Amino acid sequence: MRTGLSVEQETGSKQTVESQGTTSAVDPWRYTQRSLDGHRAARDETLFALANGTLGVRGGLEEGSSASDGSFLASVFEQNPIHYHERFTGFPRSTDTRVPVADGKHIRLLLGDVPLQLEQCEWLAFERSLDLAAGSLDRRLRLKTASGHTLEIRARRVVPLAERALLAIHFSVISIDYTGPLRLVSSIETGRQAVEQGDDPRIGVSGGEPMAVSDEQADAQLASLVQRTHHSGIRLVCAQRHRVAGEGLAFVGADAENGRVAQHFEAEMRPGMTVALQKFVAYDDGNGGPEGDVAALLERAVAQGFEAIAATQAQAMQAFWQGAGLSVHGDPAAELALRFNLFHLLQSAGRDGVNGTAAKGITGEGYEGHCFWDTEAFVLPVMVFTAPDVARAMLMYRYRTLEAARAQARAMNHPAGALYPWRTIAGGECSAHYPSGSAAYHINAAIAHGIGLYLDASEDLDFLSEAGAEILFETARIWPQAGHFNPRRGGAFCIHEVTGPDEYTTLVNNNYYTNRMAQRHLQRAVSAWETLQARRPQVLAELAGRLGLDEGEVTVWRRAADTMYLSYDDALGIHAQDDDFLDKPRWPFPKREGEHRPLLLDYHPLTLYRHQVCKQADVVMALVLAGDGIDLGSKRRDFDYYEAVTTHDSTLSAPVFGILASEVGQDEKAWRYFDASLRVDLDDLHGNTDHGVHMAAMAGSWLGLVQGFGGLRVEDGRMVFAPTLPAGWTGYGFNLRWRGCALRVDVDMRGVRYRLDEGDALAFGHAGSAVMLKAGREALLPLALPSPPRATFPRVCRALIFDLDGVLTDTAHTHYHAWKRLADEIGVPFDQQVNERLKGVDRMASLEIILERAPRRYSADEKRALADIKNGYYVQEIERFGPQDLFTGVVEVLDAARAAGLRLGLASASRNAPMLLQKLGIADRFDYIADAGHIPRAKPDPGIFLDVAAALGVPAHQCIGVEDAAAGIDAIHAAGMAAIGIGDARALRHADAVIPRIADFTLRDFVSP
């Protein structure tokens, strides 16, 4: 495709977009693209998709063709058999796969008898915008045809929230200099086959067969296509009608054949003339009423016209944004990205009580269109606070599939209760891999969490009576069957052979997340029983009788919750992910370089299961969803430890780590994780946005704003806040719905302003204080600025582990001179600013940083040679070192530690450390010096500190690390040790203690006698 533009997106680090010599500021209400890139066409089709919870239409061009474009209905799926060589009792026999349906967006152009081929045209101007305020997709394309004629195409598209399954398009063509006949061929074309997985389970297990066409008709008024699935028994009707929106365009014919129905319109064009066609496409899968609804819907749409439908859509969006508004001051790109994500959440969330909310929404067939626990853990909380009616509908989908969950429980040998599947469309388990699928019993707890949050926020007693209590009771019944009161653990309730959120560790006992969430689930079920007993006794009596449930069973729930085993490792001061996780070795393989690729694509599951390596947040997830009552110091130690063993191969992970990072004072990491979740799809960070947006990550960005920076938690049914202000933002704000009230929260340097826009009064918490806000009033309160929680120094310290450079001596200038000499020789700019980035970084990683500015690429062999040259220069420099180069106080500190019986180790990234210690005259004072050449990953990876601790024969929690670099402090914490920083307190603020220099180290301040 020949174009005159370069691709630029109005999101990302750039704050302006350059196009045809002009510069425009970011519009925080429009996601805009000003040219097409064929290599990312599928990704753009995902990003510009429109949906309404039932129908999803990808963002391809009406007049174009794309192998990845298409439309989807949430309820239309094919059923494919699962083939096993060994199939055991309870294994699912089939999987559901969402399939593309008839696509009705097409409007082809012909100039005379010559079809317009976009790839043969010169693109003079292009702009495509997702209007987040109006809920529409707007586009303009000016092009010169192969025959030299200039046309401009304008299109606007909506998938209205007010209708169940309707697509409305306003399509116009302007002749700039063309004279002659123009034909518009408006068609419905059968959907393509679903994409097959290949080696990537994130896409889908089976592509399935395309839907079969059973009927096709077209005339002057109506064109329709009837499709059927081959195995799942779904019949779909898709039909279209039109309204000519200007003069000169007339219907000239229709055709229907080979899975395509079309209606033709023609005009005689002249320069300056515009022709316009309004197109309306309706779908019916039998779930919305009789088939006649398609004809009735189209008749109503034609009568209304596109502008009226678009206006209704804009009104619906305005109502949503009034309750879900947000703002970011000082970062329009982040503000736009947050709105973009929230818009996609709203339009793809199941809103009819019939269809679920899939992991990829309705924007593609990734994950085969399956719903996971992401729905209740991530998406549902956003809807609870912004669109409670949608949240209720999402939970009603779970109620509609409750019978299937009961069947799943029986298949898993549970005589009573309901067990929701890991991945599903119609309600049955669709995963063939039970260790990471059916064993994930925590799905029950996630759904219970969602129900509880909705009830706290809405006080919807009718929902509890009609659906919520039955789900809570039936799912709670599973826990006593999955665990028992264990006499070997003092009668504590233990849960066995389950899989938590971390799918790299499966089939474990007492997964902390599962047990913690099961505890909350059981408490919520008991509370529901007591609420109905007090307020709706007849409802409870009928429900209990129908379920065969009595007070004795509820008593067991209460006892299990009270005695739930929640593993805590006293030695490390952290919560153990499960009974065995901390006994395994850490992941030994080198860190991946280049494009992000999940470990599960390259390693056998058993290889993963045998190591301490997490795909995503697990214990950390529990601390975010149910962390009340746990002290900040413990949360901080958990964060440090599990961050070091988590790959974040799941998009669910970053937002959760970011929220906890905010809570424990890790503001820089909080921002980094927030930004990663904010831009998962906009920047295609996981390489699979082609197949649909990541709904949970999008929700995670909103949760990162509100729960992370805003500090929102729900404790004992009450909202509490602890807002902070990220560096780089001058302020931010968000709206929340809660118990019929509308609350606005604005944060800036002056403090936090709470304003009650709707409702009589609202009580909530702010930074530990109670607040009562009356109607129309506001309160200005100070920002929450807690000190970062400190780790506890070990009660028994048996070892000190020191870094070398900057702690015992200063070789920074020596390294600088060596790197500078090398950089000058190869013509690479190098200065003190670049040198700062090398602090605490090993030789090869330092070289990579320096070569970022190199005018050419270097091979691996060349890099090794350059590193050796630099090392030679460094060795020459340190030949002159001696005891006089030790920092003042080093010998005294080492002698005092030895006298106290402490073991001493050195954890330096320098391979020359042993030689340097000899020259400094202190080599004999150390029991072990790390061999940096055998450490696969540099700091902040904890490997080098763990290696030294193991060599000293001292458990990590009984060691104290001493470092001068932030990366080293992070490495010490990740190893489970307390950290002393040497140097600038601001730069090392996350250390457990900071002293200006080693001479200020007083042993008794940190080591108990």
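# Packing and backbone features of a predicted protein chain

When its neighbours within four places in sequence are left aside, P655 has contacts with F378, S677 and G700; contact here means heavy atoms within 4.5 Å. The model is a predicted one, in which local features need pLDDT of at least 70 and side-chain atom pairs count only at pLDDT 80 or more, whereas totals for chains, interfaces and linings use all residues. Residues are numbered from 1 along each chain as its sequence is written, and side-chain values use heavy atoms, with hydrogens and water left out.

P655 belongs to helix 17, which spans residues 653–663. Helices (H or I, at least four residues) and strands (E, at least two) are DSSP runs numbered from the N terminus. P655 is buried, with a relative accessible area of 3%. The term buried denotes under 20% relative accessible area, exposed over 50%, and partly exposed the range in between, for a 1.4 Å probe and protein chains only.

If residues up to four places away in sequence are not counted, L380 touches T375, A391, M394, L395 and G450. The C-alpha atoms of L380 and R392 are 8.9 Å from each other, the two residues being twelve apart along the chain.

**The chain as a whole**

The protein chain contains 27 helices and 41 strands. Its radius of gyration is 31 Å, close to the 30 Å that the globule rule gives for 1009 residues, so the chain is as compact as a globular protein of that length. The radius is taken over C-alpha atoms, and the rule is 2.2 Å times the number of residues to the power 0.38. Along the principal axes, the C-alpha atoms fill a box of roughly 100 × 80 × 65 Å.

Of the 1009 residues, 60% count as buried. Among contacts between residues at least 6 apart in sequence, 67% join residues at least 24 apart. The chain exposes about 37,800 Å², of which carbon and sulfur atoms supply 49%; the areas come from the Shrake-Rupley method with a 1.4 Å probe. The mean positions of the 101 positive and 130 negative charges are 2 Å apart. Lys and Arg count as positive and Asp and Glu as negative, while His and the chain ends are not counted.

**Helices with a buried side**

In helix 25 (residues 913–920), the buried residues are A913, L916, L917 and L920. They cover an arc of only 100° around the axis, which puts them on the same side of helix 25. The arc is that of the directions from the helix axis to the C-beta atoms. These buried residues pack against helix 23 (860–878), strand 37 (903–906) and strand 38 (928–929).

Helix 24 (residues 890–899) has V890, V893, L894 and A897 as its buried residues. Their arc around the axis is only 95°, which puts them on the same side of helix 24. E892 and A899 are exposed on the other side of the helix. The buried residues of helix 24 pack against strand 36 (799–802) and strand 37.

Helix 7 (residues 402–411) buries L402, A405, R406, Q408 and A409. These residues cover an arc of only 160° around the axis, which puts them on the same side of helix 7. Their packing partners are helix 6 (388–400), helix 9 (461–476), helix 10 (478–482) and helix 12 (537–547).

**Backbone features**

| Residue | Phi and setting |
|---|---|
| G921 | about 80°, just after helix 25 |
| G901 | near 85°, following helix 24 |
| N413 | about 70°, just after helix 7 |
| Y367 | near 55°, a residue other than glycine |
| L507 | near 50°, a residue other than glycine |

Y367 has its place in the loop between helix 4 (332–348) and helix 5 (374–386). L507 occupies the loop between strand 25 (492–495) and helix 11 (512–535). With a relative accessible area of 30%, L507 is partly exposed.

The peptide bond from K939 to P940 is cis, and its omega is near 20°. P940 is placed in the loop between strand 38 and helix 26 (943–952).

Key: The place of a charge is taken as NZ of Lys, CZ of Arg, CG of Asp or CD of Glu.
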